[in-house]
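I opened this structure to find my way around it. These are my notes, in the order I looked things up.

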Amino acid sequence: MRTALFLLRHEVRLVAGIWLWAIRRRHGLGDVDCTGFGYSRGQGTMMLGFGFVIVIESIMMSVLLRNYPAVQRGWFMVDMYTLVLIIGMHAAAVVRPHVLDAGFLRIRRAAHVDLRIPLEKIAHVRRELRTTHERADGELNLAIGAQTTVTLELTEPVAHFTFLGRRRDVRLVRFHADESDSLVEALVPAVKQARTAPSALPDLPV
């Protein structure tokens, strides 16, 4: 039951992503102090290719199954559902960018990753192009087009929840940004400011 709820929530977000894409709005950028950084450029051609393959397959199978109308309609519905998912995944990547605001860096990947990292927990940030990623404890790799371009090292673990809700504590995060230089340039002073900001003084008795 829990898995079904996670899947349903994911598909609702994909459909919402298509709607936001159609009206040219982005999710999570309502605050004037927020800055968005896209990451979908590297997957656009691949997603277009997937969509083209589904359309061609649907046409060919409609011809092959023309003598079996019930099967033909079922296959067509499955193909259209798959096509909507592909469009939704790309749309979600477009409308859900990484977001930098006064206190957090929000790292996202389409509709299934949304990781908030407090700026004061970032120890090091660097522009780093990597095309190979091995799974390791405490590391999160969010590659787009098989590459990541930004690496974050954290002072302490933050909780990341997988697609099905399983918790992982991560201390190193690699992710992709289309304009990675701009992201790093904006992030470095924001991190310094967050780490040097004075803590709030406790209320003293009158």
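**Entry 1: an alanine in a loop**

Between which strands does the loop that holds Ala 110 lie? I found Ala 110 in the loop between strand 3 (104-109) and strand 4. I note here that the model is a predicted one. I looked up Ala 110 for its backbone: its phi is positive, about 50°, although the residue is not a glycine. Is Ala 110 buried or exposed? Ala 110 counts as buried because its relative accessibility is 8%, and the cut-off for buried is under 20%.

I then turned to Ala 146, which also is not a glycine and has a positive phi, of about 65°. Ala 146 sits in the loop between strand 6 and strand 7. Its relative accessible area is 51%, so I wrote it down as exposed; the cut-off for exposed is over 50%.

**Entry 2: the chain as a whole**

I went through the secondary structure next. The protein chain has four helices and eight strands. Read along the sequence, they follow the pattern α-β-α-α-β-β-β-β-β-β-β-α. I looked up the extent of the C-alpha trace, and along its principal axes it spans about 85 × 40 × 35 Å. Of the 206 residues in the protein chain, 34% are buried.

I also checked one pair of residues across the chain. Ala 22 is found in helix 1 and is exposed, with a relative accessible area of 59%. From Ala 22 to Glu 156 is 134 residues along the chain, and their C-alpha atoms are separated by 39 Å.

**Entry 3: the record and a nonpolar patch**

Residues 47-68 come out as 82% helix and 0% strand, and the C-alpha atoms at the ends are 31 Å apart. Residues 80-99 come out as 80% helix and 10% strand, with 32 Å between the end C-alpha atoms.

Which residues form a nonpolar patch on the surface? My list reads Phe 52, Val 53, Val 55, Ile 56, Ile 59, Met 60 and Val 63, which together have about 630 Å² of accessible area. Val 55 has its place in helix 2 (residues 44-64). With 35% relative accessibility, Val 55 counts as partly exposed.

**Entry 4: the largest pocket**

Rolling a probe the size of a water molecule over the atoms shows where empty space is left. I noted a volume of about 350 Å³ for the largest pocket. The pocket is lined by 17 residues, and those closest to its centre are Arg 9, Arg 13, His 112, Asp 114 and Phe 161. Helix 1 (2-22), strand 4 (113-118) and strand 7 (148-161) are the elements that give two or more residues to the lining. Which element gives the most to the lining of the largest pocket? Helix 1 does, with four residues.

**Entry 5: salt bridges**

Side chains of opposite charge can pair when their charged atoms come close. I counted the pairs: the structure holds 10 salt bridges.

Asp 114, already on my list for the pocket, forms a salt bridge with Arg 108, and the closest N and O atoms are 3.9 Å apart. The cut-off for a salt bridge is within 4 Å. Arg 108 is buried, at 2% relative accessible area, whereas Asp 114 is partly exposed, at 36%.

I looked at Arg 174 and Glu 139 next, whose side chains meet in a salt bridge of 3.1 Å, N to O. Arg 174 is in strand 8 (residues 167-175) and Glu 139 in strand 6 (residues 139-142), so this pair ties together parts that are 35 residues apart in sequence. Arg 174 is buried, with a relative accessible area of 9%, and Glu 139 is partly exposed, with 23%.

Arg 167 and Asp 169 form another salt bridge, at 3.0 Å from N to O. Asp 169 is partly exposed, at 42% relative accessibility.

Which residues are linked in a network of salt bridges? I wrote down Arg 126, Glu 128, Arg 130 and Glu 153.

Terms used:
Residues are numbered from 1 along each chain as its sequence is written. This is a predicted model: local features need pLDDT of at least 70, side-chain atom pairs count only at pLDDT 80 or more; totals for chains, interfaces and linings use all residues. Side-chain values use heavy atoms; hydrogens and water are left out. Patches are made of residues with over 30% relative accessible area and no salt bridge: like charges are joined within 9 Å, nonpolar side chains (Val, Leu, Ile, Met, Phe, Trp, Tyr) within 5 Å. Accessible areas come from the Shrake-Rupley method with a 1.4 Å probe; for residues, only the protein chains shown count as cover. Buried means under 20% relative accessible area, exposed over 50%, partly exposed in between (1.4 Å probe, protein chains only). On a 1 Å grid over the protein atoms alone, a cavity is a set of points where a 1.4 Å probe fits but cannot get out, and a pocket is an open set with protein on both sides within 12 Å along at least five of seven lines; lining residues have an atom within 4 Å of a point. Grid points are joined across faces, edges and corners, and a volume is the space filled by probe spheres set on the points.
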